[in-house]
Amino acid sequence: MIASLDVSVVICAHDVVRRSELLSAVQSVRTQSLAPREIIVVIDHAPQLLARAQAELRDVIVVENMYARGLSGARNSGIARARGAIISFLDDDAVAAPDWLERLAQHYQESSVLGVGGAIVPVWAGGRPRWFPDEFDWVVGCTYRGMPSDTAIVRNLIGANMSLRREVFEQGGGFRSEIGRIGALPIGGEETELCIRTQQRQPDCKLLYEPRAIVYHRVPARRATWQYFKSRCYAEGITKVMVARFVGRANSLTSERAYTLKTLPRGVWKHLSSAVMRRDVIGLARAGAIIAGLLITVAGYARGMFVPDNDIVGASRRLAPTAGVEVAS
């Protein structure tokens, strides 16, 4: 066991409705087997939530997002306040396993490791829809089928469970405000862009995925719908175009090629086989959801290709569908 490590944990929040989830997230960090140096809660332009967090989290550093509204600005505000040599990020609607930080931290003994991320397990508030394929758990911000089952080098980390050395931000800057989630708008990609940019700058260094470093991510019932699935897939296609504008198309699609050519065909075959061999009608629905999800994502990508370079920000906000997505505070 690692006795200590200089780690700051940043949790960003924007919605007072999720206040109880924020408190649970903070409590899960307080009780880690490896105690962090500090816990920083960043409130993203939500005065009511800020006041309540400051009153209820006396032992936690609570600050406002000092940049433009959105997850990128909130994370950058947390980074600016953090003092740790390693900065870990946890979503406000996620709860970390007791050994989460310890599992992440063990890999930083290797100097070439710049970042480590872990597994994100969905906790479905209304139960997992039977038609929802696990190959598409990224739709709800979680680890999906096709990711490594053992510790492995990866292209990028997932924002709900990631950590990076401070030097990544000092040398290469923070998360881009031009991309990334704002409230409930399902445009993301800010952590992917940062990770690719980091490895382009330092190709000899690496990012690791550690599946034993686990957080449990709550998935509200409103995200377990076909409408949200479609909206998120379409927005992901647009996101890929936005990321490619900053880091180049070749690097921005390396993981997606393997996922499209290997993971998804295997998933379709698996679910179709289940439908035939076990007479599982829902297997047909899962196979259909994989095919539909891919086509919708490709449609979003194709739409994003027509966006001028000088209109990345505006287009990402205009084109991303929001139907079926919860309203932000």
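**Close-up views of a predicted model**

**View 1. Helix 1 and its buried residues.** Helix 1, residues 19–30, has 12 residues and spans 17 Å from its first C-alpha to its last, close to the 16 Å expected at 1.5 Å a residue. As with every view here, this comes from a predicted model. Look for Glu-21, Leu-22, Ala-25, Val-26, Ser-28 and Val-29, which are buried in helix 1. These residues sit on the same side of helix 1, because they cover an arc of only 160° around the axis.

**View 2. Helix 3, mostly covered.** Here we turn to helix 3, residues 71–81, where eight of the 11 residues are buried. The buried residues are Ser-72, Gly-73, Ala-74, Arg-75, Asn-76, Ser-77, Gly-78 and Ile-79.

**View 3. Helix 6 packing with helix 7.** Helix 6 (residues 190–201) and helix 7 (residues 226–247) pack with their axes 10 Å apart, at an angle of about 25°. Helix 6 is therefore roughly parallel to helix 7, and their crossing is right-handed. On the helix 6 side, the meeting residues are Thr-192, Glu-193, Ile-196, Arg-197 and Gln-200. Their partners in helix 7 are Val-243, Phe-246 and Val-247.

View 4. Our last stop is Lys-270, in helix 9 (residues 254–277). Setting aside neighbours within four places in sequence, Lys-270 is in contact with Asp-134, Glu-135 and Arg-145.

Conventions:
Residues are numbered from 1 along each chain as its sequence is written. This is a predicted model: local features need pLDDT of at least 70, side-chain atom pairs count only at pLDDT 80 or more; totals for chains, interfaces and linings use all residues. Side-chain values use heavy atoms; hydrogens and water are left out. Helices (H or I, at least four residues) and strands (E, at least two) are DSSP runs, numbered from the N terminus. The expected span of a helix is 1.5 Å times one less than its number of residues. Buried means under 20% relative accessible area, exposed over 50%, partly exposed in between (1.4 Å probe, protein chains only). The arc is that of the directions from the helix axis to the C-beta atoms. Axes are lines fitted to C-alpha atoms, for helices over the stretch in contact, and angles run from 0 to 180 degrees between N-to-C directions. Angles under 35 degrees count as roughly parallel, over 145 as roughly antiparallel, 65 to 115 as roughly perpendicular and the rest as oblique. A crossing is left-handed if the near helix is turned anticlockwise from the far one by less than a right angle, and right-handed if clockwise. Contact means heavy atoms within 4.5 Å.
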